[in-house]
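Here is a protein model to read through. The questions and answers below ask what its labels rest on.

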Amino acid sequence: MIDMQPAIDAINAAIKEGLGPIFLISNPEELLKALPSELMDLVVQLCATLILFIAVRFLFWKPITNILEARRSAIDKELEDAKIAKENAVLVEQDMKDELSKAKNHIKEMLDQAEKEANIRRDEIINSAKEEAKRRMDNLSMELEQEKKNMEDSIKKEIVDIAFQAAEKIVAREIDQDKYLDVVTDILKGGC
């Protein structure tokens with residue numbers, strides 16, 4: 001095992017006198033001899049780390065910080081853009097829902113209007129058919145009435161002809177009043 005007692009004694013003496021005398025030692029080899037080699041390696045590594053830290057701090061700190069800040073700004077901008085895009089997407093989605101609702105309402109209105117127009121057209125066709133049927137019935141009725149009138153005229157003419165024939169027969173027979181009435185009654189019954 002390495003004897004560390006002389007190094008510890010030198011550090012204790014330096015602490016009692018203050019840290020300044022360690023650096024003012026006229027013969028630093030004494031201190032180095034007092035320190036073991038592992039401790040010496042540790043001191044060298046600490047000094048190298050301190051020098052590296054100072055070099056990084058003064059030479060590379062601002063560029064690295066600027067790069068990190070630029071990256072943070074870019075990420076913040078992308079996050080803000082994503083937030084705005086999401087809000088726009090929500091607005092577009094709402095607009096699309098509104099448009100879809102309006103389109104559905106418009107289609108419903110168009111279907112209702114088409115149904116109303118179809119009902120009106122159906123009623124017009126039915127009314128037209130009824131009017132045509134009524135007109136035909138009226139024409140048929142008029143034709144029947146005319147036919148009836150023609151038949152009555154024909155019957156009247158036949159009655160007149162028959163009456164004339166009967167009158168001729170009556171005059172030809174010169175019969176009395178009772179026979180005359182019998183002949184007229186017989187003629188009206190259809191017998192001659």
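Q: How many salt bridges does a search of the whole structure find?
A: The search finds nine salt bridges. A salt bridge is a side-chain nitrogen of Lys or Arg within 4 Å of a carboxyl oxygen of Asp or Glu. This is a predicted model, in which local features need pLDDT of at least 70, side-chain atom pairs count only at pLDDT 80 or more, and totals for chains, interfaces and linings use all residues. Residues are numbered from 1 along each chain as its sequence is written, and side-chain values use heavy atoms, with hydrogens and water left out.

Q: What makes the contact of Lys108 and Asp112 a salt bridge?
A: Their side chains meet at 3.6 Å, N to O, and the limit is 4 Å, so the pair qualifies. Lys108 and Asp112 both lie in helix α4, four residues apart, about one turn of the helix. Helices (H or I, at least four residues) and strands (E, at least two) are DSSP runs, numbered from the N terminus.

Q: Why is Asp112 called partly exposed?
A: Its relative accessibility is 32%. Buried means under 20% relative accessible area, exposed over 50%, and partly exposed in between (1.4 Å probe, protein chains only). The value for Asp112 falls in between, so the residue counts as partly exposed.

Q: What are the labels of Asp123 and Arg122, whose side chains meet in a salt bridge?
A: Asp123, at 35% relative accessibility, counts as partly exposed, and Arg122, at 45%, is partly exposed. The salt bridge that joins the two has an N to O distance of 3.3 Å.

Q: Why are Glu132 and Arg136 separated by about one helical turn?
A: They are separated by about one helical turn because they are four residues apart in helix α4. Glu132, Arg135 and Arg136 are linked in a network of salt bridges.

Q: Which label does Glu132 get, and which does Arg136 get?
A: Glu132 has 28% relative accessibility and counts as partly exposed, whereas Arg136 has 57% and counts as exposed.

Q: How do you know that Leu59 is exposed?
A: Leu59 has a relative accessible area of 58%, which is over 50%, so the label is exposed. The place of Leu59 is in helix α4 (residues 37–173).
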